[in-house]
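Thanks for coming. I will take one model today and go through its strands, its helices and a few backbone details. Here it is.

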Amino acid sequence: MGLGGCASYDVITILQKARQQVRDCVTQITATRAQTIPQVFETIHLHFIVTGTNLKPSAVERAIRLSAETYCSASTMLERGGVKITHDFELIEA
């Protein structure tokens, strides 16, 4: 949940700075965990649903990449711990 909140905040902020007309960002998270205790996360996938007007897919992709690689400390900590994190997105025109 923390990863989703951190990444969503980053994506919205980056898109606003890029003058994109973003209205909403919902992040759906799916994950797999180890079968043995401690049941640590092995993979996490974030699916961003970004709503706005005339959003550029390249700007959204860039915002997600910047969040994952630079700004989201939760993502960095999890990846350093061996968790494979993937991302994708869809755009909704509103």
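E2 (41–53) and E3 (84–93) run parallel to each other and pair over ten bridges, where two strands count as paired if DSSP finds at least two bridges between them. One of these bridges joins Gly 52 to Glu 93 in E3. On E1 (21–33), E2 pairs in the antiparallel sense, over twelve bridges. There, Gln 21 has Thr 53 of E2 as its bridge partner. The element names refer to DSSP runs, numbered from the N terminus: helices are H or I with at least four residues, strands are E with at least two.

Before going on, what I am showing is a predicted model, so local features need pLDDT of at least 70 and side-chain atom pairs count only at pLDDT 80 or more, while totals for chains, interfaces and linings use all residues. Residues are numbered from 1 along each chain as its sequence is written, and side-chain values use heavy atoms, with hydrogens and water left out.

H1 (2–17) has 16 residues and spans 23 Å from first C-alpha to last, close to the 22 Å expected at 1.5 Å a residue; the expected span is 1.5 Å times one less than the number of residues. Which residues of H1 are buried? They are Leu 3, Gly 4, Ala 7, Ser 8, Asp 10, Val 11, Ile 14 and Leu 15. Seen down the helix axis, these buried residues fall within an arc of 165 degrees, so they line one face of H1. The arc is taken from the directions from the helix axis to the C-beta atoms. Gly 2, Tyr 9 and Lys 17, on the other side of H1, are exposed. For the cut-offs, buried is under 20% relative accessible area, exposed is over 50%, and partly exposed is in between, with a 1.4 Å probe and protein chains only.

What does the buried side of H1 pack against? Its buried residues pack against E1, E2, H2 (57–71), H3 (73–80) and E3. Take Leu 15: leaving aside neighbours within four places in sequence, Leu 15 is in contact (heavy atoms within 4.5 Å) with Gln 20, Val 22, Val 50, Ala 59, Val 60 and Ala 63.

Leu 15 also belongs to the largest nonpolar core, which has 21 residues; Leu 15, Leu 3, Val 11, Leu 46, Phe 48 and Val 50 touch the most other members. H1, E1, E2 and H2 each give two or more residues to this core. A nonpolar core here is a set of buried Ala, Val, Leu, Ile, Met, Phe, Trp, Tyr and Cys residues joined through side-chain atoms within 4.5 Å.

From the H2 side, Ser 67 lies in that helix and is buried, with a relative accessible area of 2%.

Last, the backbone. Arg 19, in the loop between H1 and E1, has a positive phi near 60 degrees without being glycine. Arg 19 is exposed, at 76% relative accessible area. Asn 54, in the loop between E2 and H2, is also not a glycine and has a positive phi of about 55 degrees. Asn 54 is exposed as well, at 59%. Finally, the peptide bond from Ile 37 to Pro 38 is cis, with omega near 0 degrees, and Pro 38 is found in the loop between E1 and E2.
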